[in-house]
Amino acid sequence: MKSLLATLALTTALTLPGLAMARPVTLTTTMNNYGGDGAYLALYVTDAAGAYAGSLWMAGGKSKYYEHLSDWYRATAGDTAQINGITGASVGAGRTLEITLDLADTLFDAGYTLHIDAAVEDMRDSPNEVTVPLTTDGAGTPVTGRRYVADFTYDM
Amino acid sequence: MVRPDWTHHTNGDTTMKKTLILLAATTALSAAIAAPTWSAVRTSDSPVQLFAAILEFGQDAMPLILASGDDDDDREYRNGSRSEDDDDDRERKYRSGSRRDDDDDDDECDGDDQDDDDCGGSARNAAPAGTTPPPQNGLFGNGTPPVVQMN
């Protein structure tokens, strides 16, 4: 009985910090009515030095178009391993994409910046469509995009 | 008088028999896996062609049939003018902000689309969300799959 209790205590002690180190974060992207086909969006993060830290989401499934998400493509060389398991459909004009991800706490208030690159068929590419620092204070505050994104919000 | 331990001998024989059966089974399994592989990597003048010959049997009898509707009379109307683009799959064609006439026969496999999976190129599309866990890039927590909603 004593060993069982000790095991339970140990597993709980090991599990709890893991749960506390991440939280569900909802990223909401609303598109403008730009009058074109579905937009490809790359959501990725850079660190305090501006270096690429990783991707959070890719809206659009065909890798041959990723070169038009030019900043993301430059940072990753179009490596699809960066977006395995975090890739979905492109986002149509006027529609809202809502993604809930389990993100590490260390991303917030540590100088990380979330970027969105956007590209639409037969329309201008828009690298850095949205740029927003990841802070706990900034949660819930809409940020306006440059061309295709009406607004972007992250909620914790 | 000391009696011989017949029980022990019987158990030993059973164990030996089981071991032998297990060894025979694993050897047979290895042989079954290795033989086709060996045949597949053979050189053309290798005498070991038995399994490869079996695998290739009938290939001549099954000609490759390409089923494609791309040469149908599908036309897209853009900007008030008709561009004769003979692919009908509504794929996006990003071309650096300028519209482009798709008057070639099959632009899906031309030089600038070398990474197109439709062409059987080497590049692969990423695994969709939900099919694999998010990448281990330090940004995600415990591998909980993303929840996506499009409104």
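Tutor: Start with strand 2 (residues 40-46) of chain A: 7 of its 7 residues are buried, so this strand is largely enclosed by the rest of the structure. Buried means under 20% relative accessible area, exposed over 50%, and partly exposed in between (1.4 Å probe, protein chains only). Helices (H or I, at least four residues) and strands (E, at least two) are DSSP runs numbered from the N terminus. This is a predicted model, in which local features need pLDDT of at least 70 and side-chain atom pairs count only at pLDDT 80 or more, while totals for chains, interfaces and linings use all residues. Residues are numbered from 1 along each chain as its sequence is written, chains are lettered from A and ligands numbered from 1 in the order in which they are written, and side-chain values use heavy atoms, with hydrogens and water left out.

Student: Which residues cover the two faces of strand 2 of chain A?

Tutor: One side carries A:Tyr40, A:Ala42, A:Tyr44 and A:Thr46, the other A:Leu41, A:Leu43 and A:Val45, and all are buried.

Student: What does strand 2 of chain A pair with, and how many bridges are there?

Tutor: Strands of a sheet pair through backbone hydrogen bonds, either parallel or antiparallel. Here two strands pair if DSSP finds at least two bridges between them. Strand 2 of chain A is joined to strand 6 of chain A by 7 bridges, running antiparallel, with A:Tyr40 opposite A:Ala119. Strand 2 also pairs with strand 3 (residues 52-59) of chain A, antiparallel over 6 bridges, and there A:Thr46 stands opposite A:Tyr52. The hairpin of strands 2 and 3 of chain A has 5 residues between the strands, and A:Gly50 takes a positive phi near 85°.

Student: Which residues have a positive phi although they are not glycine?

Tutor: A:Asp122 has a phi of about 60°, and A:Asn128 one of about 55°. A:Asp122 sits in the loop between strand 6 (113-119) and strand 7 (126-133) of chain A; A:Asn128 lies in strand 7 of chain A. A:Asp122 counts as buried because its relative accessibility is 9%, whereas A:Asn128, at 27%, counts as partly exposed.

Student: What is A:Thr29 in contact with, beyond its neighbours within four places in sequence?

Tutor: Contact means heavy atoms within 4.5 Å. Its partners include A:Leu41, A:Arg95, A:Ile116 and A:Phe152. A:Thr29 lies in strand 1 (residues 22-31) of chain A and is buried, with 0% relative accessibility. A:Thr29 and A:Leu41 are 12 residues apart in sequence and 9.7 Å apart in space, C-alpha to C-alpha.

Student: Is B:Leu20 buried or exposed?

Tutor: B:Leu20 counts as exposed, at 51% relative accessibility. B:Leu20 is found in helix 1 (residues 6-40) of chain B.

Student: How is chain A put together overall?

Tutor: Chain A has 2 helices and 8 strands, running α-β-β-β-α-β-β-β-β-β from the N terminus on. Of its 156 residues, 48% are buried.
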